[in-house]
Amino acid sequence: MNWADLTRDELLAMRADLAAAYEAFKAKGLKLDLSRGKPSSDVLDLSNGLLDGLDTHEAEGGTDIRNYGVVDGLPECKRLFSDLLGVPADRMIVGGNSSLTHMYNSMAFCYLFGAPDGSGRQDAVPVPWSSVPGGVKWLCPVPGYDRHFSVTEDFGATLIPVPLLEDGPDMDEVERLCASDPAVKGIWIIPLYSNPTGGVISVEKAGRLASMKTAAPDFRIFWDNAYGVHHLWEAHEAPDIFALCEAAGNPERVFYFFSTSKVNFPGAGIGLVAAGPETVARMVAHLKMQTIGFDKIMQLKTVRFFGGSAANVHEHMKKIAALLRPRFELVLETLDREFAGTGILTWTKPKGGYFISVDVLDGCAKAVVAMAKDAGVVLTGAGATWPYKQDPRDSNIRIAPTYPALAELAQTMELLALCIKLVSIEKLLESK
Ligand SMILES: Cc1ncc(COP(=O)(O)O)c(C=O)c1O
């Protein structure tokens, strides 16, 4: 039954019952957190072998991992990631435990030193983005990842939302904006299992990103493959963006990011950035001013933990998926049971990754999040999935089901359903 068709009296009667259930929930004094996409302790426990010591301090080629050096990462570590992701090892910088650091550093590199335009011309000196008249503009598919938006915001870029559709961004809009304005320097893309929709970019759209005409010759795709091996049901693959860019004659167009934060430990993962040949060479030259080498002990431990084999990483990810799948199923079953046919909520069925995106009636998201908080359940802030935290329809909410145990998640979803229904009824009553 579509709730928009209910009479005022019917809505009022439902509100009375739901409000009583909500008050009962409040009285329980719950403290539950569904706000961030963190791995749960049962998932983390799968990687506890990484806490054990190494029986050597020698890496490939006799490198003493206790000492300085190998600024761009151990070769065996690059090889593992290359096998896993299909990214050329000679395009990678591996190190640090956070890919966000690499994203931030890559942005800083472009702002400070400029991004090579790939023309191969000796006289083509990169122009620092900090000198772009009026400032850089950046395309942000929405709904998207709040920390992406804050990286670009931190550099002072003007963030331009573009709709994220099921198979990637609205490419007509992206092409229009990129072709007409040289200040548009880049776009955030989460190719596989997007945060928060769980969608996958199509090869066709990736190809258009790689080949489109851009008024900025130094345009960049920030391709964040954070969930590149995080399948939940069927396995999908991210398009080979390096091959697509190269085939289109734009070999420098992509910055590629990945980390093992959600493969083993967010507290001690391995992050990487890969880029076109000229870009990566220039970045390494600057990196040498920044460090004499990242933590090679964790790099070697990671390689040893997986026996140097990409196939073993995939096996490990299957174990993680087995723990995460019931959590996603619980959320999706609850949404289906409580909201199918009501017309007050739409949601994505993620193909993988860490999140589920829901849209409540326009003007209701902030009220739902506030109501849940009053009853002890913290959700990701309404608006977080939009640049500047401003969701113009105030409708999108990100659900992050990976952290709580199943019983807690069930309670949280029960409460969330109550809040969505109560706030929606108020909205519907406005026009009755
Ligand atoms: C799309 C995306 N990229 C990056 C990250 C963070 O990655 P890292 O831990 O490697 O900094 C997250 C974490 O939620 C994410 O969702």
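In which sense do strand β6 and strand β7 pair, and over how many bridges? In this predicted model, local features need pLDDT of at least 70 and side-chain atom pairs count only at pLDDT 80 or more, whereas totals for chains, interfaces and linings use all residues. Residues are numbered from 1 along each chain as its sequence is written. Strand β6 (residues 184-189) and strand β7 (residues 220-224) pair in the parallel sense over 4 bridges, with Ile187 opposite Ile221 in β7. Strands (E, at least two residues) and helices (H or I, at least four residues) are DSSP runs, numbered from the N terminus; two strands pair if DSSP finds at least two bridges between them.

Both strands belong to an open sheet of 8 strands with mixed pairing, in the order β2-β9-β8-β7-β6-β3-β4-β5. Its edge strands, each pairing on one side only, are β2 (92-94) and β5 (168-169). Helix α6 (residues 171-180) lies across β3 (137-142), β4 (158-165), β5 and β6, and runs at about 155° to β4. Axes are lines fitted to C-alpha atoms, for helices over the stretch in contact, and angles run from 0 to 180 degrees between N-to-C directions.

A further open sheet consists of 3 strands in the order β10-β11-β13, with antiparallel pairing. Here β10 (345-347) and β13 (396-399) are the edge strands, each of which pairs on one side only. From one strand to the next, the twist averages 25°. Strand β11 (residues 356-360) and β13 pair in the antiparallel sense over 4 bridges, and Ser357 stands opposite Arg398 in β13. Helix α12 (residues 365-374) lies across β11 and β13, at about 40° to β13.

Two helix pairs were examined. The axes of helix α3 (residues 75-85) and helix α10 (residues 296-305) come within 9 Å and cross at roughly 50°. That angle makes α3 oblique to α10; angles under 35 degrees count as roughly parallel, over 145 as roughly antiparallel, 65 to 115 as roughly perpendicular and the rest as oblique. The crossing of α3 past α10 is left-handed, a term that applies if the near helix is turned anticlockwise from the far one by less than a right angle, clockwise being right-handed. Glu76, Cys77 and Leu80 in α3 meet Gln299, Thr302 and Val303 in α10, contact requiring C-beta atoms, placed from the backbone, to lie within 7 Å. These contact residues comprise 3 nonpolar, 2 polar and 1 charged. Ala, Val, Leu, Ile, Met, Phe, Trp, Tyr, Cys and Pro count as nonpolar, Asp, Glu, Lys and Arg as charged, and the others, Gly among them, as polar.

Helix α11 (residues 310-339) packs against helix α13 (residues 406-429) at an angle of about 25°, with the axes 10 Å apart. The two helices are therefore roughly parallel, and α11 passes α13 in a right-handed crossing. The contact involves Pro326, Arg327, Leu330, Val331, Thr334 and Glu338 of α11, together with Leu406, Leu409, Ala410, Met413 and Ala417 of α13. By class, 8 nonpolar, 1 polar and 2 charged residues take part.

Backbone geometry was also considered. The peptide bond from Val142 to Pro143 is cis, with omega near 0°, and Pro143 is placed in the loop between β3 and α5 (146-154). The bond from Asn195 to Pro196 is likewise cis, with omega near 15°; Pro196 is found in the loop between β6 and α7 (203-211).

Conventions. Two residues are in contact if their C-beta atoms, placed from the backbone, lie within 7 Å.
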